[in-house]
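Visitor: I would like to learn how to read a sheet and the helices packed on it. Could you take me through an example?

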Amino acid sequence: MEKQFDNLIDYYNKFSEEKRLDSRHGQVEFRISMKYIREYLSQINRPKDEIRIVDIGAGTGRYAVPLAEEGYDVTAVELVRYNLGVLKTKKSAVKAIQGNALDLRKLRLEDETFDVAILFGPMYHLFSHEDKLQALTEAKRVTKTGGVIFVAYCMNEYGVITYAFKENHVRECREAGRFTGDYHTISRPENLYDYVRVEDIRRLSSDAGLTRLKLLSPDGPADYIRTALNRLTEEEFEEFIRYQEAVCEREDLIGAGAHTVDILRK
């Protein structure tokens, strides 16, 4: 596997993405993302088993497995062998293969194959506009004309506020040159995660020649208020889910959340 991803593979051999998405703040992100995925899938007028989905950077199958269980034809592409192993233990109908989001041709994924592409992990760990654009262009290539691509990003202000200020790494970040003058994060592969602003997302979708349908923040403030969310009763937590569903597309809130999902049409 490419040496540039060695640190990432080591990280995911230890990090539990399952645990994160099962947490309350992770549930907010997952449930709202799934709501929009299902909304667009419901618009395809064919039997579910004829609707093809590719989940690129599928992790342990948090999205791929339930979609397959709902009857869709799902292919999962995952870089990290450990994650792929966890996915395969779930014994779902997902077709799981190891591969890199930057080059799906190596996996013999052909042009115009899938109705929906999900790109929910790769953009977190690609550190140049060119690499991000390559991953998005590959997702576009394998998606049918008229199909929909869901792309997730980690947001800049969340990274700065949480890591630099809340976790008290601001001096370290400043000395390491992690910020521009206006606090746009500068990340390198050893930092594992890259962070973007809405204007960066807009440039990527434009350069890829894709049409935006919606831009939303699936988790909003959830990651910032983990402790408060954990104190809520089930009824109160469901109220928070309804709140985030109501505001997730508001332009004045999108850039401040931990994650943003760009929904694009080919």
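Visitor: In what order do the seven strands of the open sheet lie?

Guide: A word on the model first: it is predicted, so local features need pLDDT of at least 70 and side-chain atom pairs count only at pLDDT 80 or more, while totals for chains, interfaces and linings use all residues. Residues are numbered from 1 along each chain as its sequence is written, and side-chain values use heavy atoms, leaving out hydrogens and water. Strands pair if DSSP finds at least two bridges between them; strands (E, at least two residues) and helices (H or I, at least four) are DSSP runs, numbered from the N terminus. Here the order is E3-E2-E1-E4-E5-E7-E6, with mixed pairing. E3 (95-98) and E6 are the edge strands, each pairing on one side only.

Visitor: How do E6 and E7 run, and how many bridges join them?

Guide: They are antiparallel, joined by five bridges. Thr211 stands opposite Arg265 in E7.

Visitor: Which strands does H9 touch as it packs on the sheet?

Guide: Contact means heavy atoms within 4.5 Å. H9 touches E5, E6 and E7.

Visitor: Which residues of H9 are buried, and why do they line one face of the helix?

Guide: Buried means under 20% relative accessible area (1.4 Å probe, protein chains only). In H9 (198-207), Ile201, Leu204 and Ser205 are buried. Down the helix axis, the buried residues of H9 fall within an arc of 95 degrees, so they line one face; the arc uses directions from the axis to the C-beta atoms. These residues pack against helix H6 (129-142) as well as strands E5, E6 and E7.

Terms used. Buried < 20%, exposed > 50% of the residue type's maximum accessible area, 1.4 Å probe, protein only. Axes fitted to C-alpha atoms, helices over the stretch in contact; angles between N-to-C directions.
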